[in-house]
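Let's take a walk through this protein together, one piece at a time. Keep the structure open while you read, and turn it as we go.

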Amino acid sequence: MSRSLIVQFKNSEDEICGPTIDVPLDSSVDQLTTLLNQILENEERLPYLFYVLKENKEEVEIVDGINEAVSSAAHSTETVLSIRFVPQALFRVRPVTRCTATLPAHAEAILTVQFSPNGADLATGSGDTTVRLWDVSSQTPRRKLDGHKGWVLCVVWSPDAELLASGSMDSTVIIWDPREGSRRTHLKGHKKWISSICWEPLHRSRSGQSERLASGSEDCKVRIWHARTGRCEFVLSGHTKAITCVRWGGEGMIYSSSQDRTIKVWSDADGSQVRSLQGHGHWVNTMALSTDYALRCGVFDIRRKTAPSTPGESKLLAMEMYNVAKRDRPEKLVSGSDDFTLQLWEPATSEKPLCRMTGHQQLVNMVAFSPDQQFIASASFDRSVRLWHASSGNFITTLRGHVAAVYQVAWSADSRLLLSSSKDSTVKVWEMRTRKLKVDLPGHADEVYAVDWSPDGTKVASGGKDRALKLWQN
């Protein structure tokens, strides 16, 4: 006769779902999934991940069966076992395994790459002062955009995929029309180089089209621009050192991080400062929002085949997609610093961090929430990538394999895979189920500065010091 124990299912917000149930100790993940779907009365069978809590508050994933996880967590079979469940995406992104194109076009290092929200186009910025557009389906160059007089440090697509913004060492931002390959507006006002650009979320746009964007600069200022008129609507002054990162949230807040060790929260309506988040002991290098994926994709959904036909429809759909991603909870913000730590914030409710996340041995270069908002990945100069629980900030594991500093990370659309790029000239694909290396992608001749995974999950782009753009797919 098989032994059993009493379990209680809880969601990621620690809310109880259903009654306590007596289940066999040898129950598999598939059996737990079937049981949970019945409890939640799902119309179609949804996939889930399951975790049990250890005494030190770390979570153990149920991989093979409850018995193994209970033994690892040192849980008594005589008490109620809480099992946290996390829904997974219905679609599945296949890991990229091969380089399908090497495109040598830039004359200097590629510093930034980004796919358009619909996944059809790719933009790259380089030390040769140019922006280049690429056709993803044919893997060919589309246009060369000249206009900057310094290194292009960031390229960012608008969430409706109609405009492209680029920021440069020449202290200007240029708004491009990617279809025509023409310059729409040249935004001048910053005194030093542009470090970060972020577009206003589509659902907050007055017209249903991408209109406003924020730019952060080495001159300690954040400027809010109207992209189509070129007018600077207001200047956000308050930081005392260089701006390192800017994020525009879906709840009317703009976030800016700085070398002055603070993160400031501003109202996007009038530019007034709402609060200042203090806690880091050194430069704040990077930030990410829990809703970043939804804000980036705008109206483009991997499961939706047609785009809205009017700006009004676009705004409504963008709002719907954002609300689904937010799940009636305040946005979370995670920051990474030169003090080797990350901090998890809920800026809408508190100036104090929810959690201080320690473990890295060198500065944190990039942080990113998974699209399903269950995980946070952090890239560090200590040659590692670390995984954390997005809800609590608890440490999960360290992904080791790179032999030099890790520059960037990028999630697949289904949150099952993670990319990392490094000074060691490789791109690596990590699997979340096993928490181990899935695919090693060598091929670059030098440091890989930038990497991005297309929002539809079909392709990966990487670029770096060897001046070659590489496209990867399954």
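Before going on, some ground rules. This is a predicted model, where local features need pLDDT of at least 70 and side-chain atom pairs count only at pLDDT 80 or more, while totals for chains, interfaces and linings use all residues. Residues are numbered from 1 along each chain as its sequence is written, and side-chain values use heavy atoms, leaving out hydrogens and water. As for the labels, helices (H or I, at least four residues) and strands (E, at least two) are DSSP runs, numbered from the N terminus.

Now step back into α4 itself. This helix covers residues 311–326, 16 residues in total, and its first and last C-alpha atoms are 22 Å apart, close to the expected 22 Å. That expected span is 1.5 Å times one less than the number of residues. Which residues of α4 are buried? They are Ser314, Leu317, Ala318, Met321, Tyr322, Ala325 and Lys326; buried means under 20% relative accessible area, with exposed over 50% and partly exposed in between (1.4 Å probe, protein chains only). Part of what covers them is α3, residues 292–297.

The buried residues here are Val29, Leu32, Thr33, Leu36 and Asn37. They cover an arc of only 135° around the axis, so they sit on the same side of α1; the arc is that of the directions from the helix axis to the C-beta atoms. After α1 comes glutamate 41, with a positive phi near 55°.

On to the largest nonpolar core, which has 21 residues. Such a core is a set of buried Ala, Val, Leu, Ile, Met, Phe, Trp, Tyr and Cys residues joined through side-chain atoms within 4.5 Å. The residues with the most contacts inside this core are Leu5, Phe50, Ile62, Ile66, Leu81 and Ile83. Two or more residues each come from β1 (4–10), β2 (21–24), α1 (29–40), β3 (48–53), α2 (66–73) and β5 (81–87). Zoom in on isoleucine 62: leaving aside neighbours within four places in sequence, it is in contact (heavy atoms within 4.5 Å) with Val29, Leu32, Phe50, Val52, Ala69 and Ile83.

Time for the strands. Four of them make an open sheet in the order β7-β8-β9-β10, with antiparallel pairing; two strands pair if DSSP finds at least two bridges between them. Because β7 (110–115) and β10 (140–145) are at the edges with a single partner strand each, one side of each has no neighbour in the sheet. Inside this sheet, five bridges join β9 (residues 131–135) to β10, and aspartate 135 stands opposite threonine 140.

Another open sheet of four strands runs β19-β20-β21-β22, also paired antiparallel. Its edge strands, β19 (243–248) and β22 (273–278), each pair on one side only. Five bridges link β21 (residues 262–267) with β22, where threonine 262 faces glutamine 278.

Finish at a hairpin. Strands β13 (residues 172–177) and β14 (residues 182–188) pair antiparallel over six bridges, and isoleucine 174 has histidine 186 as its bridge partner. Four residues lie between the two strands, and in the turn glycine 181 has a positive phi of about 70°.
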